Amino acid sequence: MGFLTRDQLSELGLKKYGENVLISEKASVYNPGNITIGSNVRIDDFCILSAGEGGIEVGNYIHIACYTSLIGQGKITLKDYSNLSSKVAIYSSNDDYSGNWMTNPMVPDQFTNIFSASVSIGKHVIIGSGSVILPNIKINDGVAIGALSLVKNDCVENYIYAGNPAVQLKKRKSGYLALEKDLLKQ
């Protein structure tokens, strides 16, 4: 996998980015002026970051695995140490599926009823492969989302969730907090 050079990152037009940012040459970035990326971030092949009006904020020590997408008009926030496994889809906008409105981005706005709201992914969150996160969701710190889950409700801090729709399964261990302190001492 080839990553953008520092010069290519500069030319990309991101609002702001930190040190040790590895973005695949095969990733797609739309509206880069609305995207902020921290330090120690890796974005793999075939990811899509499509920032709407609310923008995308990616913290520090974050991995976004291949084929993952962050899309929508609402703000999408990934806090430090979060991890998105392959094929995760985070939507901050959603069409109205009721049948009362038309759908898709090629239809003029007056004929659609798109719902947009922010999505917040907390510190130390891991989201398993193939999961979908809908608009207006807060996944609090320390949450683990199992593979192939549909998250349509907020998630309580430090629990494991899985399923379609995702349900709370059990408390998650928090050894990662001590490891974070050790990392920050280095």
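Trainee: What makes β6 and strand β9 (residues 69–72) a pair?

Mentor: This is a predicted model, and the pairing is read from its bridges. At least two bridges are needed for two strands to pair. β6 and β9 have 4, in the parallel sense, so they pass that cut-off. One place to look is alanine 51, which stands opposite glycine 72 in β9.

Trainee: Why is β3 called an edge strand?

Mentor: Start with the sheet, which is open and has 6 strands in the order β3-β6-β9-β12-β17-β20, with parallel pairing. The edge strands are β3 and β20 (150–151), as each pairs on one side only.

Trainee: Which residues of β6 are on its covered face, and which are on the uncovered one?

Mentor: Leu49 and Ala51 are on the covered face, while Ile48 and Ser50 make up the uncovered one. In a regular strand, side chains alternate between the two faces of the sheet.

Trainee: Why is arginine 6 called partly exposed, but glutamate 19 exposed?

Mentor: Exposed means over 50% relative accessible area, buried means under 20%, and partly exposed is in between. Arginine 6 has 39%, so it is partly exposed. Glutamate 19 has 52%, so it is exposed.

Trainee: And what about aspartate 44 and arginine 42: how do you know that they form a salt bridge?

Mentor: Here the N to O distance is 2.7 Å, within the 4 Å limit. Aspartate 44 is buried, because its relative accessible area is 5%. Arginine 42, at 34%, counts as partly exposed.

Trainee: What does the salt bridge between glutamate 57 and lysine 75 tie together?

Mentor: The side chains meet at 3.2 Å, N to O. Glutamate 57 is in strand β7 (residues 56–58) and lysine 75 in the loop between β9 and β10 (76–78), so the parts joined are 18 residues apart in sequence. Glutamate 57, at 36%, counts as partly exposed, and lysine 75, at 31%, is partly exposed too.

Trainee: How do you know that cysteine 47 is in no disulfide?

Mentor: Compare distances. A disulfide needs sulfur atoms within 2.5 Å, but the nearest cysteine sulfur, that of cysteine 66, is 6.8 Å away. By this rule the count is 0 disulfides. Cysteine 47 is buried, with a relative accessible area of 0%.

Trainee: Why is the aromatic pair of phenylalanine 46 and tyrosine 67 called stacked?

Mentor: The centres are 5.1 Å apart, and rings pair within 6.5 Å. Phenylalanine 46 is in the loop between β5 (41–43) and β6, and tyrosine 67 in the loop between β8 (62–64) and β9, so the pair ties together parts 21 residues apart in sequence.

Trainee: What makes tyrosine 61 and tyrosine 81 a stacked pair?

Mentor: Their values are 5.5 Å centre to centre and 10° between the planes, which again meets the limits of 6.5 Å and 30 degrees. Tyrosine 81, at 16%, counts as buried, whereas tyrosine 61, at 35%, is partly exposed.

Trainee: Last one: why is asparagine 158 called buried?

Mentor: Its relative accessible area is 9%, and buried means under 20%. Asparagine 158 is in the loop between β20 and β21 (159–163). The side chain of asparagine 158 reaches the backbone oxygen of arginine 172 at 2.8 Å, and the residues that asparagine 158 touches include Asp141, Val143 and Tyr176.

Technical notes. Residues numbered from 1 in each chain as written. Predicted model: local features only at pLDDT ≥ 70, side-chain atom pairs only at ≥ 80, totals over all residues. Heavy atoms only, no water. Buried < 20%, exposed > 50% of the residue type's maximum accessible area, 1.4 Å probe, protein only. Helix = DSSP H or I, 4+ residues; strand = E, 2+ residues; numbered from the N terminus. Polar contact = N/O pair within 3.5 Å; in protein donor to acceptor, adjacent residues only side chain to side chain. Contact = heavy atoms within 4.5 Å. Phe/Tyr/Trp six-rings, centres within 6.5 Å; stacked < 30°, edge-to-face > 60°. Lists of a residue's contacts leave out its neighbours within four places in sequence.
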